[in-house]
Amino acid sequence: MTENAYPGDHGSPAPYPGRAMTQTPPQTPPQSTSARPLRVLAAMSGGVDSAVAAARAVEAGHDVTGVHLALSANPQSFRTGARGCCTIEDSRDARRAADVIGIPFYVWDLAERFREDVVDDFVAEYEAGRTPNPCLRCNEKIKFAALLDKALALGFDAVCTGHYATVVLNEDGSRELHRASDMAKDQSYVLGVLDERQLAHAMFPLGDTLTTKDEIRAEAERRGLAVAKKPDSHDICFIADGDTQGFLASRLGAAEGDIVDEAGTKVGTHQGAYGFTIGQRKGLRIGHPAADGKPRYVLDISPVNNTVTVGPAEALDVTALTAIRPRWCGAAPEGPGRYTAQLRAHGGETPVSAAMEDGELTVTFDEPVRGVAPGQAIVLYDGTRVVGSATIATTTRRAAPAATA
Amino acid sequence: MAYLDHAATTPMLPEAIEAMTAQLAVTGNASSLHAAGRRARRTVEEARETLAGALGARPSEVVLTSGGTEADNLAVKGLYWSRLAADPRRTRVLASPVEHHAVLDAVDWLATHEGATVEYLPVDPYGRVHPEALREAIARDPGSVALATVMWANNEIGTIMPVRELADVAAEFDVPLHADAVQAFGQVPVDFAASGLAAMTVSGHKIGGPYGIGALLLGREHTPVPVLHGGGQERHVRSGTLDVPAVAAFAVAGRLAAEGREEFAAGVGALRDELVAAVRAAVPDVILGGDPVDRLPANAHFTFPGCEGDSLLLLLDAAGIECSTGSACTAGIAQPSHVLLATGADPDLARGTLRFSLGHTSTKEDVAAVAEAIGPAVERARSAGLS
């Protein structure tokens with residue numbers, strides 16, 4: 001997949017405009033304004049962030065119980081590389097951290113829910129020619145739905161995770177989700193699917209961290225947490241070897257199809273259109289170069305006729321899009337408005353105009369952006385505040401109208 | 001804290017701690033010939049005699065091991081190998097489906113790696129193997145049976161097996177019968193000679209002795225192929241330097257368990273009955289697992305319809321009550337109990353179990369704590385449902 005830059009990529013965070021109060025666990029419990037300690041369920045992946053988050057929740061005086069989510073029906077014994085949090089080793093690391101912190105610890109088997117809501121959806125989305133983000137899906141359906149619902153039913157007040165994001169409690173009792181204090185570590189994008197009810201029971205003790213990851217590791221070390229030196233996890237946790245194409249091929253089978261250029265001329269073949277992502281450059285294996293000698297990118301994926309369309313980078317420029325399944329952190333915005341948008345987990349911000357029309361979000365970019373694929377989530381921000389998110393359905397290219405879902 | 005997980009492990013008896021700590025300061029390898037070795041050997045052999053006395057066995061029938069799991073493995077694998085070596089037709093292993101994993105996984109391993117054919121004996125809704133079921137299984141082809149293994153009492157649901165009758169059937173066909181008596185020892189009369197068993201497993205830390213010590217009671221005519229090879233200790237079937245302090249403490253605990261069994265069973269049984277009555281009063285639709293009468297006196301096993309056992313565990317833990325779901329887990333992930341599934345229970349029901357196991361430190365206060373906490377916990381767990 002190509003990495004495309006947006007205006008303002010990795011820029012410094014905007015100053016925080018007049019918020020009532022910043023939610024850090026000790027002062028402002030998510031459920032009430034009283035200072036009583038909360039019963040908190042800390043989701044512990046076995047990594048350093050969630051361990052430090054749980055420790056901070058304890059330090060803030062809350063009654064914390066750790067839980068590791070078993071998301072794989074047949075977990076591997078050990079981690080291979082830096083992927084995932086689903087091995088037995090990760091579970092043991094989480095348990096060890098909970099023991100050091102001094103909290104009860106359980107493993108909850110959510111493998112079936114995860115398979116239904118995240119993995120099957122991931123495969124179905126690719127099969128339909130879209131590019132899903134399973135992490136958002138997991139936050140929406142698993143961590144802040146299946147897990148949260150069970151936690152609430154069992155008498156917990158909140159679910160605590162190691163995400164870098166900030167929940168702000170307004171004076172009127174409403175809640176807002178904001179970027180983390182440190183933009184470089186901000187993870188509000190993958191939490192953009194949370195609604196206000198979910199936010200009301202979310203606790204992100206790392207959200208106000210201005211320190212670097214090294215300093216979080218140092219904090220873990222200081223707290224005696226052995227996970228301090230554990231590598232960060234990246235990529236998709238349920239694809240252990242990182243080979244997304246191989247994973248999809250094993251689920252969807254191989255089906256040879258054509259790779260064509262913008263004029264419709266066949267320039268190569270592929271083993272399944274689902275294996276491609278819009279904006280992708282590598283792995284096309286087109287034998288001969290383009291006429292202009294420039295690299296070619298995936299412009300469009302058509303699962304119906306199993307065709308992949310390629311073309312020059314410029315043709316990737318998207319000027320507008322529509323998105324479905326909007327989820328708002330708080331009230332839905334009325335009328336057209338000016339926002340910044342983020343289109344991928346580690347992407348930057350880009351200014352947009354957006355409006356809701358007939359239940360669909362329409363977004364126009366001030367400057368064209370590249371690498372936008374149906375299925376991805378667009379998260380809208382007002383300053384540091386997350387306004388909401390939606391799933392990209394169609395895009396408008398600068399030159400000619402192109403991709404549809 | 002109400003500790004109600006004595007079947008997992010029970011606190012060491014003060015007398016056993018005393019015996020163990022006294023020996024920790026003494027040097028001597030029981031296999032050495034010099035004075036220190038002789039002193040250690042004397043301690044070990046006296047302990048062996050004590051254990052033999054407590055279990056109705058001859059001292060030479062006590063093979064000391066590192067615990068119940070090792071004793072089960074030695075019995076199952078060792079007898080399979082020796083019986084097969086004597087007659088290559090003996091590839092059948094008959095086992096109850098409600099065994100502890102130390103037996104279950106050992107027989108599975110024989111099936112997957114050693115060419116054994118494992119046949120699981122049918123059990124009734126209480127998890128009991130009937131002698132007729134064993135007879136039928138053996139009689140299908142008596143010459144092909146390597147061994148049979150049926151636990152003395154079930155660790156999850158507490159049902160006691162008719163060991164003597166099962167052993168009689170096995171003896172008719174000259175088939176060695178092994179029983180895992182880890183949970184039975186100290187709660188029901190366990191007499192190795194009277195049982196007619198070929199081999200029987202016991203463990204130290206379930207009766208107030210230390211961890212890491214157990215024994216396989218092994219009839220003198222049986223010579224299983226060793227699992228551990230080495231210095232030839234323990235009749236050459238279990239090599240390894242003996243843990244003298246643990247052996248000494250195990251013997252003390254074993255003697256006290258046998259001597260005090262009747263009184264313990266009566267006292268703990270009455271307390272257990274109170275607990276069952278309290279849980280039934282708080283949760284009218286609860287299902288008592290195992291045989292309601294012929295069961296371990298310290299065991300109470302329940303199924304709570306509509307609940308996840310894990311949720312109950314969490315809620316009770318938060319209320320200061322320590323118990324168990326009773327079933328084994330994989331990497332901490334709760335699995336429906338194989339014991340309940342074997343008794344024909346609905347798989348959803350088999351996920352909603354709790355085992356309370358009482359012991360020598362249990363009190364009326366422990367029972368009162370359960371009586372108070374169980375109703376609200378079940379209500380909450382029900383609302384959380386089965387995920």
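## Helix crossing in chain A

The crossing of α1(A) and α7(A) is left-handed, a term for the near helix being turned anticlockwise from the far one by less than a right angle. In this predicted model, local features need pLDDT of at least 70 and side-chain atom pairs count only at pLDDT 80 or more, while totals for chains, interfaces and linings use all residues. Residues are numbered from 1 along each chain as its sequence is written, and chains are lettered from A and ligands numbered from 1 in the order in which they are written.

The axes of α1 (residues 48-59) and α7 (residues 213-222) of chain A come within 10 Å and cross at roughly 60°. Axes are lines fitted to C-alpha atoms, for helices over the stretch in contact, with angles from 0 to 180 degrees between N-to-C directions.

## Contact residues

From α1(A), A:V48, A:D49, A:A51 and A:V52 meet A:I216, A:R217, A:E219 and A:A220 of α7(A); contact requires C-beta atoms, placed from the backbone, within 7 Å. By class, this contact has five nonpolar, no polar and three charged residues.

## Sheet in chain B

An open, antiparallel sheet of three strands has the order β9-β10-β14 in chain B. β9 (287-288) and β14 (353-357) each have a single partner strand, so one side of each is left without a neighbour in the sheet. Two bridges join β9(B) to β10 (residues 299-303) of chain B, and pairing requires at least two. B:I287 has B:T303 in β10(B) as its bridge partner.

Key. Helix = DSSP H or I, 4+ residues; strand = E, 2+ residues; numbered from the N terminus. Contact = placed C-beta atoms within 7 Å. Nonpolar A, V, L, I, M, F, W, Y, C, P; charged D, E, K, R; others polar.
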